[in-house]
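Subject: A structure for you to look at

Hello,

Here is the structure I promised to pass on to you. Please open it next to this email and follow along as you read.

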Amino acid sequence: QVQLVESGGGLVQAGGSLRLSCAASGRTFSTYTMGWFRQAPGKEREPIAAINLSGSTTYSADFVKGRFNISRDNAKNTVALQMNSLKPEDTAVYYCAAARAGISWRRPDYWGQGTQVTVSS
């Protein structure tokens with residue numbers, strides 16, 4: 001069982017930055033692929049970025065490449081999403097997720113409760 005708690009959301013102006021953090025419970029954090037998803041009002045939840053067990057490989061959706069960066073610290077059981085050059089269309093609830101090894105990160109086993117990010121124009 002893994003519990004995930006996101007933090008760092010808030011209100012920011014377009015062009016600004018936010019750093020989301022996700023703290024995981026348990027001693028097996030390094031055995032999970034970690035990902036970030038978001039869900040805007042009236043839209044389906046969509047994957048944003050993922051990072052492998054060691055942090056050596058990352059994936060980012062095309063719409064965030066060059067703006068968002070995912071990282072993890074296995075010693076601290078945390079994963080972060082640095083978001084730069086934010087746009088109003090980035091407004092959404094952002095979720096942290098964990099997938100066991102061998103499971104697609106797009107279908108994670110565990111979800112956080114979400115944190116709201118609002119970007120004003």
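This is a predicted model: local features need pLDDT of at least 70, side-chain atom pairs count only at pLDDT 80 or more; totals for chains, interfaces and linings use all residues.

Residues are numbered from 1 along each chain as its sequence is written, and side-chain values use heavy atoms, with hydrogens and water left out.

**The sheet**

Helices (H or I, at least four residues) and strands (E, at least two) are DSSP runs, numbered from the N terminus. Two strands pair if DSSP finds at least two bridges between them. Four strands make up an open sheet with antiparallel pairing, in the order 1-3-8-7. Strand 1 (4–7) and strand 7 (68–73) are at the edges with a single partner strand each, so one side of each has no neighbour in the sheet. Strand 7 is joined to strand 8 (residues 78–83) by six bridges, in the antiparallel sense. In this pairing, Asp73 stands opposite Thr78 in strand 8.

**A buried threonine**

Now find Thr33, in strand 4 (residues 32–39). Is Thr33 buried or exposed? Its relative accessibility is 17%, so Thr33 counts as buried. (Buried means under 20% relative accessible area, exposed over 50%, and partly exposed in between, with a 1.4 Å probe and protein chains only.) Setting aside neighbours within four places in sequence, Thr33 has contacts (heavy atoms within 4.5 Å) with residues including Ile51, Arg72 and Trp105.

**Aromatic rings**

A pair of aromatic rings is described by the distance of the centres and the angle of the planes. Rings of Phe, Tyr and Trp (its six-membered ring) pair if their centres lie within 6.5 Å; planes under 30 degrees apart count as stacked, over 60 as edge-to-face and the rest as tilted. The search of the whole structure gives five aromatic pairs. In one of them, Tyr32 and Tyr110 have ring centres 6.0 Å apart and planes at 65°, so this pair is edge-to-face. It links distant parts of the chain, with Tyr32 in strand 4 and Tyr110 in strand 10 (residues 110–111), 78 residues apart. Both Tyr32 and Tyr110 are buried.

There is also an aromatic cluster, formed by Phe37, Tyr59, Tyr95, Trp105 and Trp111. Arg45 lies over the face of Tyr95, 3.8 Å from the ring centre, and its charged end also sits over the ring of Trp111, at 4.3 Å from the centre. (For a charge to sit over a ring, NZ of Lys or CZ of Arg must be within 6 Å of the ring centre and within 35 degrees of the ring normal.)

**Salt bridges**

Side chains of opposite charge can pair when their charged atoms come close. A salt bridge is a side-chain nitrogen of Lys or Arg within 4 Å of a carboxyl oxygen of Asp or Glu. How many salt bridges does a search of the whole structure find? The search finds five.

Look at Arg38, which counts as buried because its relative accessibility is 8%. Arg38 forms a salt bridge with Glu46, with the closest N and O atoms 2.8 Å apart. Glu46 has 28% relative accessibility and so counts as partly exposed. Arg38 also forms a salt bridge with Asp90, where the closest N and O atoms are 2.8 Å apart. Asp90 is in the loop between strand 8 and strand 9 (92–100), 52 residues away from Arg38 in strand 4.

Happy exploring!
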